[in-house]
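Colleague: I am new to reading structures. Could you take me through a few features, one at a time?

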Amino acid sequence: QGRDGFVESEEFCEWWASEDCGERLISFFQTTFTGTELLEQNERRFRFRISQQAIKLPELFRVVENNKQALSIQEYSVTQTSLEQIFNHFASFQEEEVHKAKA
């Protein structure tokens, strides 16, 4: 952040370009892989949940590799959902239901 609460133009342009790339990436995943859910976004890092019914693993790699440059993807990884992640998901869902029932 610059002086007097202003942002330097170069910093603003970098932020804008990063946001634009992020929006393109999110849109690409959500339109290419049915049921894709954005789980987390932190600056230039994104975490998606893609259903195994939406695409097979080899096809997922092929599609991402073929679009890697256009989407400005520097690196990526693919992992299966862990039992802990499944448990945490259901626990948070159950907690939401309890709060709704109390209201």
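Modeller: Gladly. Keep in mind that this is a predicted model. Start with Glu59, which counts as partly exposed at 31% relative accessibility.

Colleague: Which residue forms a salt bridge with Glu59?

Modeller: First the general idea. Side chains of opposite charge can pair when their charged atoms come close. Here the partner of Glu59 is Arg62, and their closest N and O atoms are 2.5 Å apart. Arg62 is partly exposed too, at 42% relative accessibility.

Colleague: How many residues apart are Arg62 and Glu59 in helix H2?

Modeller: Three, so about one helical turn separates them. The general rule is this: an α-helix has 3.6 residues a turn, so residues three or four places apart point the same way.

Colleague: How many salt bridges does the structure hold?

Modeller: Four. Another one joins the side chains of Asp20 and Arg24, at 3.2 Å from N to O. Both residues lie in helix H1, four residues apart, again about one turn. Asp20 is partly exposed at 37% relative accessibility. Arg24 is partly exposed as well, at 34%.

Colleague: And what does Arg47 form with Glu40?

Modeller: A salt bridge, with the closest N and O atoms 3.1 Å apart. Arg47 has 37% relative accessibility, so it counts as partly exposed. Glu40 is partly exposed at 40%.

Colleague: Back to helix H2. Which of its residues are buried?

Modeller: Buried means under 20% relative accessible area. In H2, residues 57-67, the buried ones are Leu60, Val63 and Val64. Seen down the helix axis, they fall within an arc of 95°, so they line one face of H2.

Colleague: Which exposed residues does the face turned away from that buried side carry?

Modeller: Pro58 and Asn66. Exposed means over 50% relative accessible area.

How values were computed: Residues are numbered from 1 along each chain as its sequence is written. This is a predicted model: local features need pLDDT of at least 70, side-chain atom pairs count only at pLDDT 80 or more; totals for chains, interfaces and linings use all residues. Side-chain values use heavy atoms; hydrogens and water are left out. Buried means under 20% relative accessible area, exposed over 50%, partly exposed in between (1.4 Å probe, protein chains only). Helices (H or I, at least four residues) and strands (E, at least two) are DSSP runs, numbered from the N terminus. The arc is that of the directions from the helix axis to the C-beta atoms.
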